Amino acid sequence: MPSPITSDDHPLRQPLSDLMHEREIPVTRAPVTLRSWVYLVPPSARAAETAWIDALDADGSGAAERWRLVVTDDTSGAMWERHGEFSTWLKFSHDTPKAYGRSSLGFDAIAAADFAWLEGAAGEVFRSVEIAVLPHAPKPEHLNQFIGLQQAVCCDVFGGAARIWSDFRLHPKAGEPGAGRIYVQDKGLKNDELSRLLQTLLEIGNYRKLALLGFPVARALFAWLPEAEARLARITADMAADQPSRADILDQLLALSAEVETRVNEVRFRQGATEAYYRLTMDRLGALREQRVEGFSTMQEFIERRLTPAMRTCEAAFRRLDDLSTRIARASDLLRAKISIGLDLQNQDLLKSMNLRSALQIKMQGLVEGLSVFAVSYYIFHLVKYLLEPVVGHGPQAAWLNAGIIVVILALAWGFIYHKKKAISHDDL
């Protein structure tokens, strides 16, 4: 009989397995009406949001996990999810007979005022959308009352299992700014296709609009960049002309560099987020597997035609800012090289001056050494003379003897100083 497995599970085994099933919308059948809200929540408001979610789940019925709360019954449900810089709130209902009339198409069935969860929600409303899923094809005159068909998109999705209509416009309501609208005709959605379709449609709209948060930032950069680039051009020209002083040029360059780096720090997160949201939007559009309906644009064509130019503008602005930062770095390197070369030239001049001073000092030292020979000889001669005078007296012979002694003393003094100087030079080596 095989022995039982006794090894422990990795602590992330179950969470990572569950990750594949997270963020699913608990809607499995049609008809259904759904309303979603996206709130931008700053970091300072996250604590208040957590407290509000805890209050909603006070009885423990929703299994709040600080990032997701789902409460459902047989006919309706509500859901909250926390994302990086935003949170989503959602309500759906299967039990709205009045809304399912063929003329109303299910819109206006869920209002913000009827969703009690939103009363204490932190942040600001960034997006809201209504989605109605019904089994019948709408009459154009009925659909046109809720979705402008002249500029609407319409396409079959999920291999023809459903057809969608939307005009990507806000439709105001009494007491609130309103919401976008998407009508979905269920033509045979099976298994979890309805849930996946609703999730995909919501994410396309959310990520598309979140990506556009970078567009105003890019426009502001385009308004600021020409002046900054002109400043760099002036600084570079002054650097080449050596006017004004290098210290003034360095101060100007540092001031511009600090300003540019401040801008880079301000937009870096938005730059990355814009790129990520755009890629997610394109990925979700591909997941729809759209098929064209004659006379209408597909959702991908509509979004790409409007979103892609804005994203290209963002890319150009952010790339231009990065290029300016790189050019400032190169200018700084050139200025440092110029200052370094100037210092090297000054050091060379200083060394030349020191060499001249050293040569002069050597000459002076040789002169002093020559004089020191005579000075030492003079003192030694007088000492010898004092010793010999009592013996030789002051006659002519004494004079000749003194002359010889002087020559010998001079030779000995010069030889002594010469050998000592040579010994000192050898020790220094």
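Student: At what angle do helix 4 and helix 6 (residues 246-287) pack, and how far apart are their axes?

Tutor: The angle is about 150°, and the axes lie 8 Å apart. Angles run from 0 to 180 degrees between N-to-C directions, with axes fitted to C-alpha atoms over the stretch in contact. Helices are DSSP runs (H or I, at least four residues). The model is predicted: local features need pLDDT of at least 70, side-chain atom pairs need 80 or more, and totals for chains, interfaces and linings use all residues. Residues count from 1 along each chain, and side-chain values use heavy atoms, without hydrogens or water.

Student: Why are helix 4 and helix 6 called roughly antiparallel?

Tutor: The cut-off is over 145 degrees. Helix 4 and helix 6 pack at about 150°, and are therefore roughly antiparallel.

Student: Which residues of helix 4 make the contact?

Tutor: Helix 4 gives Thr200, Glu203, Ile204, Tyr207, Arg208, Leu210 and Ala211. Contact means heavy atoms within 4.5 Å. By class, the contact has eight nonpolar, three polar and four charged residues.

Student: How many cavities of 30 Å³ or more does the search find, and what makes a space a cavity?

Tutor: One. A cavity is a set of points on a 1 Å grid where a 1.4 Å probe fits but cannot get out. The largest cavity holds about 40 Å³ of space. Lining residues have an atom within 4 Å of a point; Thr33, Phe107, Asp108 and Glu130 are among them. Strand 1 (32-40) and strand 5 (124-134) each give two or more residues to that lining.

Terms used
1 Å grid on protein atoms, 1.4 Å probe; cavity = no way out; pocket = protein on both sides within 12 Å on 5 of 7 lines; lining within 4 Å. Points joined across faces, edges and corners; volume = space filled by probe spheres on them. Parallel < 35°, antiparallel > 145°, perpendicular 65-115°, else oblique. Nonpolar A, V, L, I, M, F, W, Y, C, P; charged D, E, K, R; others polar.
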